[in-house]
Amino acid sequence: MTSIDDIMAALTTEDPFLFSLSPTTEDDYDYPDLLCDRESVRMFRSYYEPPLFWMITLVGGAGNVAVVWIYLNFRKRLKTMTDVYLLNLAVADLLFLVALPLWAAEASHGWHFSSALCKVNSALYKVNLFSSMLLLTCISVDRYVVIVQATKAQNSQVERRRCSKLVCLGVWLLALLLATPELVFATVAKMDSQPYCRMVYPPELGNHTKILVLSLQVSMGFCLPFIVMAFCYSVIVAKLLKTRNFQKHKAMRVILVVVVVFVVSQLPYNGVLVMEAVQASNLTMTDCEEVKRFDKTGQVLKSLAYMHACLNPFLYAFVGQRFRRDVQLLLRPCCRPPASKNQLNKSCRSPLSSTRASVMSDSDTSQALSL
């Protein structure tokens with residue numbers, strides 16, 4: 001007979017598809033979601049996740065390594081706030097991508113590493129999830145300042161650059177703090193003699209801890225960044241609409257792509273996390289087939305959210321004219337020498353209106369808004 005302690009232990013484990021308890025008494029049917037065998041979900045995960053995770057790792061790794069390499073070799077001195085944010089964003093994405101091969105190995109064969117590595121890998125994922133989202137928020141705020149408060153931004157470039165380093169330090173410290181639950185609760189749990197690295201909450205804490213952790217991830221990893229980005233880019237678009245700069249339409253397309261990609265990649269999976277929190281609160285899903293469909297959908301949407309790590313370099317760095325030029329120099333070191341410094345600077349300037357409708361002159365990422 002399944003004990004209440006066993007049931008509570010399963011309820012407080014973050015990924016319920018790893019647990020299937022066999023019904024032995026009528027009392028067990030008070031917890032119908034625990035009676036569902038999720039073997040098909042685990043099989044789906046073993047075929048689906050490894051190749052996709054490796055693709056994300058390779059593509060995202062190449063793009064973010066290029067960003068870091070260019071900043072360290074072509075721009076040894078970070079000149080703007082967005083330069084600092086972009087470098088930190090690339091580092092955050094790279095650290096996140098380091099964790100994906102281990103999750104791919106777990107999906108195929110289970111977790112055959114130490115419990116300590118389980119904690120570190122889980123925490124590494126959360127640190128870089130939160131730092132990436134917060135850095136994207138910082139980039140949107142910087143673009144807002146450069147466009148909407150152009151005069152102030154122009155007169156305080158040095159102070160803003162110094163401030164950006166403190167902001168990045170604060171972002172990393174906050175991300176470490178928000179990843180504390182992974183260091184505490186992540187551990188190796190067995191299912192049918194197969195070990196998995198999962199969040200396992202003590203039964204005495206009930207489901208409140210799991211709900212709190214999921215709420216923090218949704219609020220700090222999606223809601224806050226989305227609200228700030230929506231406000232900043234809405235004001236930027238309103239500002240662009242008032243100008244006669246012929247490049248404003250290209251700038252608005254870049255903004256639209258940035259926002260749409262963020263929403264499409266992050267909103268569905270965060271919706272799944274909200275449903276998980278509701279399920280942990282009152283067990284809204286009781287049908288086995290419904291639970292398995294939800295688990296598979298969650299796996300697919302999680303992978304979609306992970307793809308943002310390989311899209312960031314193309315959305316925020318490679319769209320800049322000077323950044324593309326530096327990539328060409330990186331890929332073709334034997335090509336003919338670039339034009340003179342004056343010509344390069346001239347080619348990177350965009351005709352700006354009196355309202356500085358774009359953020360082009362402040363950084364490469366800013367320049368992307370009018371190219």
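Start by selecting glutamate 49 and arginine 45: they form a salt bridge, with the closest N and O atoms 3.0 Å apart. This is a predicted model. Both residues lie in helix H2 (residues 39-73). They are four residues apart, so about one helical turn separates them. Now show the surface. Glutamate 49 is buried, and arginine 45 is too.

Next, select glutamate 106 and arginine 198. Their side chains meet in a salt bridge of 3.1 Å, N to O. This pair links distant parts of the chain, 92 residues apart. Glutamate 106 sits in helix H3 (residues 81-109), and arginine 198 in strand E2 (residues 194-199). Glutamate 106 has 0% relative accessibility, so it counts as buried. Arginine 198 is buried as well, with a relative accessible area of 6%.

Move to helix H10 (residues 288-306) and pick lysine 292 and glutamate 289. Their salt bridge brings the closest N and O atoms to 3.2 Å. The two are three residues apart in the helix, so the separation is about one helical turn. Lysine 292 counts as buried at 15% relative accessibility. Glutamate 289 is partly exposed, at 43%.

Now select Arg45, Glu49, Glu106, Arg198 and Lys302 together. Salt bridges with shared partners join these five into one network. The structure holds six salt bridges.

Finally, zoom out to the whole chain. Colour by secondary structure to see 14 helices and two strands. Of the 371 residues, 51% count as buried. The accessible surface comes to about 17500 Å², with 65% belonging to carbon and sulfur atoms.

Conventions: Residues numbered from 1 in each chain as written. Predicted model: local features only at pLDDT ≥ 70, side-chain atom pairs only at ≥ 80, totals over all residues. Heavy atoms only, no water. Buried < 20%, exposed > 50% of the residue type's maximum accessible area, 1.4 Å probe, protein only. Areas by Shrake-Rupley, 256 points an atom, 1.4 Å probe, with all protein chains shown as cover. Salt bridge = Lys/Arg side-chain N within 4 Å of Asp/Glu carboxyl O.
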